[in-house]
Amino acid sequence: MTTITKAQDAIHATTPVSVPLSVITTCYGRNRHLYNLLSSLSQGSVKPAEIIIVNDDAEHERLAEYDLNIIKIATTTATEDGLASSASFDIGRNRNLGAARATYDAMVFLDVDCIVAPTFIEQLHYKLQAHSKALLMGQPRYLMRPLTDDEGSQLQQGKLAADYLDKLSVFNPYRDNFDLQHQDKSIKQTQDYGAFWSLCFAIMRRQFEKIGGFDTDYVGYGAEDTDFAFMARALNIDFYLTDDVIYHQQHSVYRPPLNHLDSIVINANRFYEKWQHWPMSVWLAEFAQLQLINWQDTQTVPIAINRQPSEVEIRAAHYPDAPYV
């Protein structure tokens, strides 16, 4: 574990204040996204007191470029004989590691492909203080293309305006968004816990520990965030959506995610066993239509995989320019 803190040469009156909050992110092999996230956090109206990165391969020199208190935790673990062992990249496990290391009770979890709007940390921190027993999720907008190197440099210098990113991004129509029809409110409670996506959320440590963190029995891709939200619902933890914007950095996706068939099926079975409810039902229905699995939403037995998708099917499902799955 290393702590990387870049001291300022001078402290100016315009320097953003630091708020007692830990930001937690986790990634491997997506450092271009990570550096853009750090750029946005360093240019916010306030700065988080610390940023915990569960990551093996970010460059020490690059991290030192940001005027942020960065704490880096490796994703490797030590075996009983003391030798380093590379752990599989498990996002739930790694988020739990980050939370355990957090100094502050207020925690914001961000996927590495987020870029925060200038007031994101300030406003979400304020709302979390007002709703300290709740689970809060921000408002994602989806960039329609990756940022260029020049745009990334502008972001790091604080010269890339939010309205510029607004024009480059869209809402995901499959969720409840704070669009122009919701300008009269900045936070709203919902009973739809299935609307929780873990790419940008805030929670106090006590509530995170009450939930038990992320269930590490989920492997790979899918359902671990819905499970987290369902556990919050079972514990009567209120869930709020807020209008605090993050911009999701564009990367290629698969529709449906045939590249994650195995883990989606494993995790769907785990989720059903726990909650008697099928998650990711749209994807499961698409897999069934392709005869990769036998599944219907009324079944009570585990899903079995009939066959693996062919390379042709996987290529056909690949959308390199889509903003979201």
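Setting aside neighbours within four places in sequence, I237 is in contact with K133, A134, L135, Y193, Q207, K210, I211 and A232. Contact here means heavy atoms within 4.5 Å. This is a predicted model, in which local features need pLDDT of at least 70, side-chain atom pairs count only at pLDDT 80 or more, and totals for chains, interfaces and linings use all residues. Residues are numbered from 1 along each chain as its sequence is written, and side-chain values use heavy atoms, with hydrogens and water left out.

I237 sits in the loop between α8 (224-234) and β13. Helices (H or I, at least four residues) and strands (E, at least two) are DSSP runs, numbered from the N terminus. I237 is buried, with a relative accessible area of 1%. The burial classes use a 1.4 Å probe and protein chains only: buried is under 20% relative accessible area, exposed is over 50%, and partly exposed lies in between. One of the contacts of I237 is K133. I237 and K133 are 104 residues apart in sequence, yet their C-alpha atoms are 6.7 Å apart in space.

D244 belongs to strand β13 (residues 239-248). D244 is buried too, at a relative accessible area of 5%. Its side chain joins that of T242 in a polar contact of 2.8 Å. A polar contact is a pair of N or O atoms within 3.5 Å; within protein, one must be able to donate a hydrogen and the other to accept it, and residues adjacent in sequence count only if both atoms are side-chain atoms. Beyond its neighbours within four places in sequence, D244 is in contact with F120, Q123, L124, K127, G138 and Q139.

**Strands β7 and β12**

Strand β12 (residues 200-204) has five of its five residues buried, so the rest of the structure largely encloses it. C200, A202 and M204 point one way from β12, F201 and I203 point the other way, and all are buried. For β7 (residues 106-110), the count is also five of five buried, so this strand is largely enclosed by the rest of the structure. A106, V108 and L110 cover one side of β7 and M107 and F109 the other; all are buried.

The pairings follow. Two strands pair if DSSP finds at least two bridges between them.

| Strand pair | Sense | Bridges |
|---|---|---|
| β7 and β12 | antiparallel | five bridges |
| β9 (residues 135-143) and β12 | antiparallel | two bridges |
| β2 (residues 17-26) and β7 | parallel | three bridges |

Which residues stand opposite F201 in β12? F109 is one of them, and M137 is another. A106 stands opposite M204 in β12. In β7, F109 has I24 opposite it.

**Helices**

Helix α1 (residues 31-42) has 12 residues and should span 16 Å at 1.5 Å a residue; its end C-alpha atoms are 16 Å apart, which agrees. The expected span is 1.5 Å times one less than the number of residues. α1 is mostly covered, with 11 of its 12 residues buried. Among the buried residues are N31, H33, L34, Y35 and N36. L37, L38, S39, S40, L41 and S42 are buried as well.

α1 packs with helix α5 (residues 149-156) at an angle of about 30°, their axes 8 Å apart. Axes are lines fitted to C-alpha atoms, for helices over the stretch in contact, and angles run from 0 to 180 degrees between N-to-C directions. α1 and α5 are therefore roughly parallel to each other. R32, N36, S39 and S40 of α1 make the contact with D149, G152, L155 and Q156 of α5. Angles under 35 degrees count as roughly parallel, over 145 as roughly antiparallel, 65 to 115 as roughly perpendicular and the rest as oblique.

α8 packs with helix α9 (residues 261-275) at an angle of about 10°, with axes 11 Å apart. These two helices, α8 and α9, are therefore roughly parallel to each other. From α8, the contact uses T226, D227, F230, M231 and A234; from α9, F271, K274 and W275.

**The chain as a whole**

The protein chain holds 11 helices and 15 strands. Buried residues make up 50% of its 325 residues. Among contacts between residues at least 6 apart in sequence, 76% join residues at least 24 apart.
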